[in-house]
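The chain is shown below.

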Amino acid sequence: MYYLYAALAIILVIILANIRIVPQAHEFVIEWLGKYKGTWGAGFHIKVPLFEKVAKKISLKEQVLDSPPQPVITKDNVTMQIDTVIYYAVYDAKLYAYGAENPISALANLAATTLRNLVGELELDGTLTSRDTINAKMTAILDEATDKWGIKVHRVELRNIIPPAEIQNAMEKQMKAERDRRETLLQAEGHKAAAITRAEGEKQAMILAAEGERDARIARAEGEARAIYLSKKAEADGLIALREAGVDGAVLELKKYEALVAMADGKASKIIVPTDTVEMVKNNVLFSETSGLGDVTKPAPEPPAPAKKPDPCCDEPKASPKKKAPKANDIFI
């Protein structure tokens, strides 16, 4: 009985010693008598003692390979120090275990040689401005080359590009000169824009002044035309009124003569009157003298008769005669 318990205890110890628990995001490569047997995923597993062996424990998480700075020569013979950062992950544990002796070292050396090849095709300025292009090309080349190692390269980044000290000084001077040139160009463009703005303002002011003068002249001309129109309309209305009143030709000729006299306005002016007008005026004057029409001189008043004293006993006071109202046909000149 004692031996049975001892045997059971030995078996239990052996089983417990061969229990393996694989963590999440890990894989174990199992060999049977030195030959690849399989890959254990995450979970509980029991290894056969003496026959099975865990050959390699592999993490499937994304990892970072930080390469130290290395000298790289550009196409224009400038030596720079460049360091890279590689993000990769193992996707096949078997290939990773049996593909290369040291896959991480192989990946680092491959990244260094690939970087030298890519930068050697570029000049200094192209290297400094083509980070994205270099990153994309290195990612594609390394991913394709590491497929047989069970490694997936997700991304490659150039972290630092350090040119020599004299190149850095030259680049700083070039940058300062470029900034000075941009400053001068911006100032010149500002002066140009200001001059153009002032010229456009002066031009607009002159245009507005000319338009204002034009509008003022048009307004004055319209006012004068309106005044002439109203004056002529008044004269026409007066003539129409005279015609409707039945005024004869003699009076109209006198009105013409009065208009000519008004044109002289009492100044030393010469008025040329046609002969027929003079003859007509003469006839009108003779007619006015014989008929009394148009005579502006009032007749001399007759001397008053001696007043007769009223007889208080016989004469009755007479009412004062009323003034005769002028008739519509009476003419006053």
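## Loop residues with positive phi

Leucine 33 sits in the loop between β2 and β3. In this predicted model, its phi is near 55°, a positive value in a residue that is not glycine. Leucine 33 counts as exposed because its relative accessibility is 58%, above the 50% cut-off.

Leucine 50 lies in the loop between β4 (43-46) and β5. The phi of leucine 50 is also positive, at about 70°, and this residue is not a glycine either. With a relative accessible area of 82%, leucine 50 is exposed. Most residues other than glycine have a negative phi.

## The open sheet

Three strands form an open sheet in the order β3-β2-β5, and their pairing is antiparallel. β3 (35-40) and β5 (52-59) are the edge strands, each pairing on one side only. From one strand to the next, the twist averages 25°.

Strand β2 (residues 26-32) is joined to β3 by five bridges, with the two strands running antiparallel. Phenylalanine 28 has tryptophan 40, in β3, as its bridge partner.

## Helix α3

Helix α3 covers residues 103-120, 18 residues in total. From its first C-alpha to its last, helix α3 reaches 26 Å, close to the 26 Å expected at 1.5 Å a residue.

Which residues of α3 are buried? They are Pro103, Leu107, Ala111, Ala112, Thr114, Leu115, Leu118 and Val119. An α-helix has 3.6 residues a turn, so residues three or four places apart point the same way.

Definitions and conventions:
Residues numbered from 1 in each chain as written. Predicted model: local features only at pLDDT ≥ 70, side-chain atom pairs only at ≥ 80, totals over all residues. Heavy atoms only, no water. Helix = DSSP H or I, 4+ residues; strand = E, 2+ residues; numbered from the N terminus. Expected span 1.5 Å × (residues − 1). Buried < 20%, exposed > 50% of the residue type's maximum accessible area, 1.4 Å probe, protein only. Pairing = 2+ DSSP bridges. Axes fitted to C-alpha atoms, helices over the stretch in contact; angles between N-to-C directions.
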